2 protein chains.
Amino acid sequence: MAVERPGFLEDMARRLAVARGDEPADLVIKGGRVLSVFTGEFLEADVAISGRYVAAIGRDYQGRQTIDAGGQVLLPGFIDGHMHLESTKLMVDEFARAVLPHGTTTVVIDPHEMANVFGLDGVRAILAAADAVPLDYYVMVSSCVPASPFESNGATVDADDIERFLREEPRALGLAEMMDFPGVVAGSDEALAKIQAAYRTGDRHIDGHAPGLSGRALNAYLSAGVRSDHECTTYEEALEKRRLGMWIMIREGSAARNMEALLPLVLQLGPGNCLLCTDEREPDELVSEGHINAVMRKAVALGCPPYHAVVMATLSAARYHRLHRHGAIAPGYLADIVAVPDLERFEPSFVLKAGLMVAKGGASAEIPKASAPDWMRGSVRVPTLSAQSFQVTANGRVRAIGVEAGQIVTRSLVVEPRKSNGVALADPARDLAKIAVIERHKGTGRVGVGFVTGFGLQRGAFASTHAHDAHNVVVVGVDEADMAAAVNHLAAIGGGQVAVADGRPIAEVPCPIGGLLSDRPVEEVAEAVRRMEEATRGLGVTLPAPFMALSFLALSVVPELKLTDRGLVDTVRFELVSLEV
Amino acid sequence: MAVERPGFLEDMARRLAVARGDEPADLVIKGGRVLSVFTGEFLEADVAISGRYVAAIGRDYQGRQTIDAGGQVLLPGFIDGHMHLESTKLMVDEFARAVLPHGTTTVVIDPHEMANVFGLDGVRAILAAADAVPLDYYVMVSSCVPASPFESNGATVDADDIERFLREEPRALGLAEMMDFPGVVAGSDEALAKIQAAYRTGDRHIDGHAPGLSGRALNAYLSAGVRSDHECTTYEEALEKRRLGMWIMIREGSAARNMEALLPLVLQLGPGNCLLCTDEREPDELVSEGHINAVMRKAVALGCPPYHAVVMATLSAARYHRLHRHGAIAPGYLADIVAVPDLERFEPSFVLKAGLMVAKGGASAEIPKASAPDWMRGSVRVPTLSAQSFQVTANGRVRAIGVEAGQIVTRSLVVEPRKSNGVALADPARDLAKIAVIERHKGTGRVGVGFVTGFGLQRGAFASTHAHDAHNVVVVGVDEADMAAAVNHLAAIGGGQVAVADGRPIAEVPCPIGGLLSDRPVEEVAEAVRRMEEATRGLGVTLPAPFMALSFLALSVVPELKLTDRGLVDTVRFELVSLEV
């Protein structure tokens, strides 16, 4: 790490006095069974805490405050090794309020959605807002902003920006998932410049993102110093990557769930080089299922020894990210401590973060209010649209994006649209809807229009500013007036999600902070997300998680056919293509 | 690490091209079975090397040069996690020549002997001399120089010196063994200032040294951020330390050998948090037994799974020391590769260091000559002594140091010396010899005189400038004229070891570099050490490893009675005591 963690040096003398027993601890947890992540033993001992750190594990410590753990197991705070805060739609304080009761005390975020809107100033603002929040937010600086030259995003992040950010921000651990793995493998100047920027700034490192990468290309990727992957979907893939030194982040997100496929790696070879992450998780799931504890629960349910599940969620994540004061309950480590009645459910009865009680019985303590600066609002800059904005003419057949459940890849289809006076129209009877992407960062009013099939939409429209990676406005509709109403409504509320029928919004999830994050409490956001799901069902949508699917339809680096504000992109040939065939 | 390792960034583009197969490798090892330290698998694959690094593990790579490993196992280069170069008496080039054929490619040295003579300039000179040597010398900066206020050494190293050194020297990994564990535990200003200096300089860390430390004191020591211990002698001690997060360095030195006692920790709990070190190893043993490979051999002979022995000698040592390019054969790692025919003997058939062939069939390649600057010579500054220099008067009984085989602790005895005209004399018949320590850094001529029993010396004298930690001249003799001749000879040759009979040197190991290191080839030094052993046997010495014992008799921080140039030190009460009781 670039510098020591707050309080470690400053409080050293007092912490030692507490360990010696010469001064009372600030807090002593008695009656717990401390899991040593270094040996797998359960230690029946007091935990003496001084300031933000554990001072000692031992007998008969005295403290100003005492907690009786009543025979429960004490675990180190859980760590999410890789996630996008924006997927939760929660601001930093509300995210903490959502996950602290589940035992998460540290997250390593890649806020590349925010970076696509505001550049690294957006990331700085998020970190600044998190200053007073009792959850450790570390950041990997976004490596691929914009994701491709076809995307019109809000800002560009180049190698110099990355280097400056890493030098200035002690919470920055390195370079976020290097999604441009073809660029790295090919040795492109831009990709290597970013990697070198990260390694030039000292003890920083590099997350990978390389679905299916294998053989020589994988070797090249690793030769550049990329260290991890959270995109493994099969045992064989993960095994090849681990044997070459890669850290395997086993991901259980709201969409991508890989524990079942990857757990055999842990069962057969031990938990070495494996850690846990969620990548993307919806707010309603955070509330109902949990966070990293839900991932541990699933691992154990599938046969993982609980000790190994804990090690992956704590020590291994800390070691991978070089967070030397995290990941264990031991002297000199942060007093991030989770008390659980059992090692199956991992439902904490209380949670300490840096020595403070932050959650009890599933409820969070009061979290200081975090706020975003005003300039992060009003970021959806779109001129008022009308039905005409989405009209396209076509003489013959047109390309259509084929969406399938649970896939972010799409098929490139050719269909005969319904037509009226040479204008190509949606056709709900054949599940053919219109889709549009509207540039929203610079107010250019640029609109790309196409067709999409797979949602099952029968009436109205729905739209979102969660649209990887440029996070423009993406809208799907069978009625062009409803599409215009949806986009206009998002512009009015500053972004988020909306469903429209008969010209009026019927459900919304406002995300006024950059069009990505809500400023409302987690319960409210989770409820809005549930209502939105119902509303789209009411419009006929049959596709599971339609907004998740929607959010990937503008991502021009995933096969086969995608749409940006510049038009349709054949992402296999990596070129713009016309609507008409 | 503070900066990337040489060549990693510079050669990245070409290394990727090699991995892709677009350019020929500099070297390809074919026909080997690569042990993956991440999974324990043996991979039948080529190893393609580009510059100093591994580019790829895979099939059908082409190279400008090819080696056929003939079915042998390929292991990462071995790492000694903690050692004192001065114990080998070898200069950096000759040490490399001695250990490279045994598979050691990286050592983490604590040159605190040199620091006691020259301060950190001595350490800088050693590292500068190692620049062209194909073995990685990393350094932990000495934490306790001088070891105590009773010792007259050549230089003092304070917290500011430590911080400056760590900021300037990229090969410095942190603070060396914090021997002043009572000071750390008590929270002494000086000890904490040194620790804080290390942690202020970024990603540096701290080696421990805490024999027998347990319970609250151990917790306090760890609370200060000390991370390892190489002084464990029992399973119980190592278990307590490991469960609290300490990294256990299993030591097999020439004197202290702990593998047998500590291996159960590995057998029962796995190799996690364990690594290997030698601490101190004599040159003749390096030649005859080996180095870290000898430690691995012993582990396997005692029942350690070979994979675990390898992990402790490679990946774990690298991870402990945060050497992120060391410890594995994998893309992006240094091409430090050891080929062995079996995993029992660990006798390499060839060794690569950073892609270069540095040893074959037990013989080192030619190593560039390393030289010490002239100011490191002539450091034994002692006025010409005579028999009178060692005369002491005594009316009654005197204190004597009781030496025992294989122990660095001594007993504090009281004996009746032989006397002649009120002068107290040695008495070989009762195994009572005289011992003296002569200040040799500033030329003060200060001599401390005492008595010692346990060597079995019958005639003559022997002397050494290897005398922890101040490295003054220490001499033991039954004849005062021979004692003077021994000291005068060491002053003349600039230090080392000498045995004297009838006024003349009968064996010597010259160590003109700081009185600590030889400038001769390893074979010659090993042979001189063997002859010295014979010579002292010829003088009647019965104690095994008499020079090893001698080197600890001036160390004023180990119980019970020691001698410095200022006189006898009761190291339990930590005060000077008179010779006469």
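Trainee: How many salt bridges are there between chain A and chain B?

Mentor: This is a predicted model, and the count between chain A and chain B is 2 salt bridges. In one salt bridge Glu41(A) is paired with Arg243(B), and the closest N and O atoms are 2.9 Å apart.

Trainee: Which elements give two or more residues to the side of chain A that touches chain B?

Mentor: They are helix H1 (12-20), strand S5 (53-58), helix H7 (181-186), helix H8 (189-200), helix H9 (215-223) and helix H10 (235-243) of chain A. The largest share, 6 residues, comes from H1(A). Sorted by class, this side of chain A has 30 nonpolar, 13 polar and 14 charged residues. As for polar contact between chain A and chain B, 30 residue pairs are counted, with both residues at pLDDT 80 or more.

Trainee: How is the size of such an interface expressed, and what is the area that chain A and chain B bury between them?

Mentor: Interface size is often given as the accessible area lost when the parts come together. Here chain A and chain B bury about 4,600 Å² between them, with 55% of it on carbon and sulfur atoms. Of the area that chain A buries against chain B, 15% is supplied by Arg216(A), Ser223(A) and Arg243(A), more than by any other three residues. The contact takes 57 residues from chain A and 57 residues from chain B.

Trainee: What rotation superposes chain A on chain B?

Mentor: In general, two copies of a chain are related by a rotation about an axis and a shift along it. In this model, a rotation of 180° with 0.0 Å of shift along its axis superposes chain A on chain B, with an RMSD of 0.1 Å. That is the relation of a two-fold axis. Within chain A, Asp203(A) has the C-alpha nearest the axis, 3.3 Å from it. The same surface serves both copies, for 100% of the contact residues of chain A recur in chain B.

Trainee: Let us turn to a single residue. Is Leu75(B) buried or exposed?

Mentor: Leu75(B) counts as buried because its relative accessibility is 0%, and buried means under 20%. Leu75(B) lies in strand S7 (residues 73-76) of chain B.

Trainee: Which residues is Leu75(B) in contact with, leaving aside its neighbours within four places in sequence?

Mentor: Among them are Leu35(B), Val310(B), Ile329(B), Val338(B) and Phe346(B). Separation in sequence and in space should be read side by side. Leu75(B) and Gly327(B) are 252 residues apart in sequence, and their C-alpha atoms are 9.1 Å apart in space.

Note on methods
Residues numbered from 1 in each chain as written. Chains lettered and ligands numbered in written order. Predicted model: local features only at pLDDT ≥ 70, side-chain atom pairs only at ≥ 80, totals over all residues. Heavy atoms only, no water. Helix = DSSP H or I, 4+ residues; strand = E, 2+ residues; numbered from the N terminus. Buried < 20%, exposed > 50% of the residue type's maximum accessible area, 1.4 Å probe, protein only. Contact = heavy atoms within 4.5 Å. Buried area = accessible area lost by both parts, 1.4 Å probe. Salt bridge = Lys/Arg side-chain N within 4 Å of Asp/Glu carboxyl O. Polar contact = N/O pair within 3.5 Å; in protein donor to acceptor, adjacent residues only side chain to side chain. Nonpolar A, V, L, I, M, F, W, Y, C, P; charged D, E, K, R; others polar. Least-squares fit on C-alpha atoms with pLDDT ≥ 70 in both.
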